[in-house]
Amino acid sequence: MGSAARVVVALLALLAASPLVLGEYAQQILSQAFFFAVAAVTVDILWGYTGILTFGQSAFFGIGVYTVAIALAYYVQSELGTAAAMLGAMVAAALVGAAVGWLSFFDEASPIYVAIVTLALPVVFTQVILSGGAYTGSSSGLPIPVPALSIMQWYWISGGLLLLVSAVAYVFVSSDTGRILVAIRENEERCRYLGLRTSRLKIGLMAVCSAVAALAGSCYVLFGSVAAHSYGDFVFGTELVVWTALGGRGTLIGPVVGTVAVNYVSAVLGGNLPFVWLLFVGFAFVLTVVYLPHGVVPAVGGALARLTRATVLRRTGPGVVGGVAEARPAAALARVVPSGRPRVEGAATGDESGTPAVELRNVSKRYGSLQVLDAVNLRARRGEVVGIVGPNGAGKTTLLRCIADGRERSSGEILVDGRPTAGLAPQECVALGVSRKFQTPNVFDALSVLDCLRVARSYRASASRWRRTPTVELPEPALHTVRVSGLLALLDEPAAHLSHGSKQALELAMVLALEPTVLLLDEPTAGLTREERAAVGSVLTELAHSHRLCILLIEHDLDFVRDISTRLVVLHMGRVLVDGPLAEVAESEVIRTIYVGGGAGR
Ligand code: ADP
């Protein structure tokens, strides 16, 4: 039995046995807290793991509460009818959740959109309930006939539901798809440029989390026997966020501990000291945000881990702990394996008569009155390394952005392998074969090297929702980059701990995992040592020659450009000044003026 399964069995045993020591009052309070904790777990998945700050989970809980309450008050009596109402509540919540996601997660939406939309949702929900008169019970609440179950039975039902939801959530967040959620939280733009349809994933996630919150609400009203608008209002929505933050977001256990602790202690102390208690919760929240920004559970967990490590060190000396962290290249090689796909091949492999891998026709880009690109024409074929040089502000990065994002240009046409990119989002350009490496390394700091590669590869090999694949299959160019950059020894290292050079190499391996035909590199050697530059240079040359990639490269280091480019394009004030073979352009007057004289045409 795996360790996770053992924990579930132990918690089940604890749940079954705990009524022996807990009084009825405690069971009642805990049952309520368990239902709330289910909603808090959905907040954690959305906010803690995926970075979607939502105040609206209360509204979905409320949809569950009121759908079942109205059904039982007016329309159904049987158990089957109740079950159908619960199912209906989940479907309704999923639809509303999907609509909220659709409104909030369009491609260029700011993260603040979802906070605003989910803030409005509980307000709208409350208004609907309050204006429903006797039908919804308005502000007095709607009492309903409920099943005759004992407090202990409710305790088991609520605890069982919480355990079930937490276990499924644990499996999900630990899976390959769970890693993508964290990648979205860390750097959604990078995910899009890795070809991932992040908006679709977030809308789906929102719909499922909404349905689960509605399930919790519909069970809760059967337990509580009265539907009240406060179960769907803004205050409850904010409380769910506060409990999650207090316990520790992005941990699953944090929101459960936070919700149960605050609700239990509230019930015990709140009766005697109602206002002082609320003040205390507010104070604790502020202190936690300031001093324990990751919440109580991670802080306690971190302290315990440090204590255990210190104890082991004291007992055994430093050798053992050092040994654990030692790299095992052979084992690492077994985890990063060749994808077995055919090499990138094309009809036009550098052949002059074939379709260019990328072609720009009269491409212009304006920011208001600022003309950044002015009627740029450019063609590049597979097997070419085109160095794009020019002074700062010439429009080089903008040029790459226009190729990688079909919505960027103001006018003109861009074709990738003969197919127009007009209007295509970055993830759709990836499908045409375009990969972009950013100027500063863009990796997912919270993920390990292996997980970063797995997330990148999930564009080609779809990610499992239920398990973590132990290996990652990479195409030969990405594998080669991982090998020569020494990343094999760092597979389990969080990307945040890598050196600048290793991060650059990791991002290069990530974009190569997409099996692109056009590779856009923005200063890939910035901040690298001489040896690292040489290694990157040989990888790029190999990619162009053996794998027939078309590489467009922005680089300030003219020696590096000379070493690896087959062609040079000089950009100045958004125009192509010169475009020609390396030998001609590298020695030209224009290059000398720009690099020695400080800018052409000045
Ligand atoms: P380069 O990469 O050659 O240094 P860039 O493409 O980054 O040049 O920028 C070209 C010009 O476009 C600069 O003057 C820059 O200030 C301007 N620019 C770039 N991005 C934006 C933006 N989002 N809004 C307004 N101006 C921009």
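Strand E6 (residues 385-389) and strand E13 (residues 567-572) run parallel and are joined by four bridges, and within this pairing Gly387 has Leu568 of E13 as its bridge partner. Helices (H or I, at least four residues) and strands (E, at least two) are DSSP runs numbered from the N terminus, and two strands are taken to pair if DSSP finds at least two bridges between them. The model is a predicted one, in which local features need pLDDT of at least 70 and side-chain atom pairs count only at pLDDT 80 or more, whereas totals for chains, interfaces and linings use all residues. Residues are numbered from 1 along each chain as its sequence is written, and side-chain values use heavy atoms, with hydrogens and water left out.

E13 is also paired with strand E14 (residues 575-581), in the antiparallel sense and over six bridges, and Arg567 has Pro581 in E14 as its bridge partner. The two strands E13 and E14 form a hairpin with two residues between them, and Met573 in the turn has a positive phi of about 50°. E13 is mostly covered, since six of its six residues are buried, where buried stands for under 20% relative accessible area, exposed for over 50%, and partly exposed for what lies in between (1.4 Å probe, protein chains only). Arg567, Val569 and Leu571 point one way from E13, while Leu568, Val570 and His572 point the other way, and all are buried.

These strands belong to an open sheet of six strands with mixed pairing, in the order E9-E11-E12-E6-E13-E14. Strand E9 (434-437) and E14 stand at its edges with a single partner strand each, so one side of each is left without a neighbour in the sheet. The twist from one strand to the next averages 15°, with axes being lines fitted to C-alpha atoms, for helices over the stretch in contact, and angles running from 0 to 180 degrees between N-to-C directions. Helix H21 (residues 530-546) lies across E6, E11 and E12, running at about 150° to E12. Helix H16 lies across E6, E9, E11, strand E12 (550-554) and E13, and runs at about 150° to E11.

A further open sheet has four strands in the order E5-E4-E7-E8, with antiparallel pairing. Its edges are formed by strand E5 (370-380) and strand E8 (419-420), each with a single partner strand, so one side of each is left without a neighbour in the sheet. Strand E4 (residues 358-367) pairs with E5 in the antiparallel sense over seven bridges, and Val363 stands opposite Val376 in E5. Helix H16 (residues 396-404) packs on this sheet as well, touching E4, E5 and strand E7 (411-416), and its direction makes about 115° with that of E4; contact here means heavy atoms within 4.5 Å.

Most residues other than glycine have a negative phi, and most peptide bonds are trans. Asp417, in the loop between E7 and E8, has a positive phi of about 50° although it is not a glycine, and this residue is partly exposed, with a relative accessible area of 25%. Arg548, which lies in the loop between H21 and E12, likewise has a positive phi, of about 55°, although it is not a glycine, and counts as partly exposed at 23% relative accessibility.

Gln427, found in helix H17 (residues 426-432), counts as buried at 6% relative accessibility. Leaving aside its neighbours within four places in sequence, Gln427 is in contact with Asp107, Arg192, Gly195, Leu196 and Arg197.
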